[in-house]
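User: I would like to learn how to read pockets, cavities and ring contacts in a protein model. Can we go through one case step by step?

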Amino acid sequence: MKPLVRNAALSSYVELSQSLGVDPRALMKRVGLDPVGLAVQDRWISGVAVTELLELSASASRCEDFGLLLAERRRFSNLGPISLVLREEPDVRSALALLVRHERMYNELLRSRLTEANGIATVKLGLELGEVREARQAVELAMGTFVGFLRVFLGARWQPVSVCFTHGAPTEPAAHRRYFGPVVEFDREFNGIVLYTTELDTPNKMADPLLRGYARQYFESLAVTADATELDRVRELIEVLLPTGRCSIEQVAGSLGVDRRTVHRHLTASGETFSSLVNATRTQLAEQLVANPRRSLTEISGLLGFSAPSAFSRWFRDRFGTSAREWRACRAAEAPVPN
């Protein structure tokens, strides 16, 4: 499978695009991404598709610094569950090392490395797309996000010793200088951030020593399951795509950046088929949705990806042995009466 990134990689993408006069939904559909799914930050989507989307958006908006503008809108919480642990680390070095070491928990494209020598620390960043393609905007988004992360600990006015990009300078580098400071350099041999090692010793003012143990314990339990299997990825995409009415193996394969035969092969190895996963996902969601009396059965039919309520009714009776209305009434009768 090709590398994936969390939906959070596109946090504020819709708002930024619209502010620049670009139709974000049209561009997302062009690269095979579903705009509806963006609401769920922890869903995983194709990293290659996100990279292509950023390049298309920069071109459509005629904004060379599109990725950087997106980075400016980043929040600490966009890192996901790992942010809860990072905020309890005792100093910048510990937090940064943890972020680098567990990068695959929030972005499978990213490859970062922290080195220290002669009083200078360097964070080198790279993207592993699995293919050759333009990735200027994705690189600038990653670099801007890392600098923003460091400023959470070192202060909003902190500036690195230098910020290096392997690509050439934009026509107008004002936004880069405003964000990174006058130290930004282009056409360098690596993408990375250079700072003083003494800055890594800066204590983390957010940290609570009493909470660190709990945060680490939580993180360790999370890290065990961080590497989602291909089956998990397909199941999550089915759940996202069902309400759109376009939940097909072709759509799932496109989101994962592979062809349908690859998806079939991975499912077969797990003893599953695409149809069995769709049915299992629908069954789980149906139990939750039908039990909620505030949702109409017609609405639920759409959320589960059925073309008509009658198709949902037939499926539900085959699956549960009774009608959805009768099943809901039975669940309501079994519910405990509040005191």
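User: How many nonpolar, polar and charged residues does the lining of the largest pocket have?

Analyst: A note before the count: this is a predicted model. The lining of the largest pocket has 20 nonpolar, 6 polar and 4 charged residues. The space in that pocket comes to about 520 Å³. The lining holds 30 residues, and R74, L79, L141, A142 and T145 are the closest to the pocket centre.

User: Which elements each supply at least two residues of that lining?

Analyst: Strand 1 (4–6), helix 3 (47–61), helix 4 (66–72) and helix 7 (136–154) do. Helix 7 has the largest share, with 8 residues.

User: How do I read a cavity, and how many of 30 Å³ or more does the count give?

Analyst: A cavity is a space where a 1.4 Å probe fits but cannot get out, whereas a pocket is open. The count here is 2 cavities of 30 Å³ or more. In the largest cavity there is about 110 Å³ of space. Its lining consists of 14 residues, and D34, G37, I45, L237 and V240 lie nearest the centre. Strand 2 (44–46) and helix 11 (230–241) give two or more residues each to this lining, and helix 11 gives the most, with 3 residues. By class, the lining divides into 8 nonpolar, 4 polar and 2 charged residues.

User: Which residues line the second largest cavity?

Analyst: The lining is made of L110, L125, G126, L127, V139, A142 and N191. About 40 Å³ of space lies in this cavity. Strand 4 (120–127) and helix 7 each supply at least two of the lining residues, with the largest share, 3 residues, coming from strand 4. The classes are 5 nonpolar, 2 polar and no charged residues. A142 is a lining residue of this cavity and is also among the residues closest to the centre of the largest pocket.

User: How many disulfides does a search of the whole structure find?

Analyst: In general, a disulfide is a covalent bond between the sulfur atoms of two cysteines. The search finds 0 disulfides in the whole structure. As for individual cysteines, C63 counts as buried at 10% relative accessibility, while C330 counts as partly exposed at 45%.

User: How do I read an aromatic pair, and why is the one between F76 and F153 edge-to-face?

Analyst: Take the distance between ring centres, then the angle between the planes; over 60 degrees counts as edge-to-face. The search finds 16 aromatic pairs. The ring centres of F76 and F153 are 6.0 Å apart and the planes lie at 80°, so this pair is edge-to-face. The pair links distant parts of the chain, 77 residues apart: F76 is in the loop between helix 4 and helix 5 (82–86), and F153 is in helix 7. F76 is buried, at 16% relative accessible area, and F153 is buried, at 9%.

User: What is the geometry of the pair formed by F312 and W315?

Analyst: That pair is stacked, with 6.4 Å centre to centre and 25° between the planes. F312 and W315 are 3 residues apart in helix 16 (residues 309–320), so about one helical turn separates them. Both F312 and W315 are buried. Ring pairs also link F306, F312, W315, F316, F320 and W327 into a cluster.

User: Where does the charged end of R151 sit?

Analyst: It sits over the ring of Y179, 5.0 Å from the ring centre. Another such contact has R282 over the face of F306, at 4.0 Å from the ring centre. F306 belongs to the ring cluster described above.

How values were computed
Residues numbered from 1 in each chain as written. Predicted model: local features only at pLDDT ≥ 70, side-chain atom pairs only at ≥ 80, totals over all residues. Heavy atoms only, no water. 1 Å grid on protein atoms, 1.4 Å probe; cavity = no way out; pocket = protein on both sides within 12 Å on 5 of 7 lines; lining within 4 Å. Points joined across faces, edges and corners; volume = space filled by probe spheres on them. Helix = DSSP H or I, 4+ residues; strand = E, 2+ residues; numbered from the N terminus. Nonpolar A, V, L, I, M, F, W, Y, C, P; charged D, E, K, R; others polar. Disulfide = S-S within 2.5 Å. Buried < 20%, exposed > 50% of the residue type's maximum accessible area, 1.4 Å probe, protein only. Phe/Tyr/Trp six-rings, centres within 6.5 Å; stacked < 30°, edge-to-face > 60°. Lys NZ or Arg CZ within 6 Å of the ring centre and 35° of its normal.
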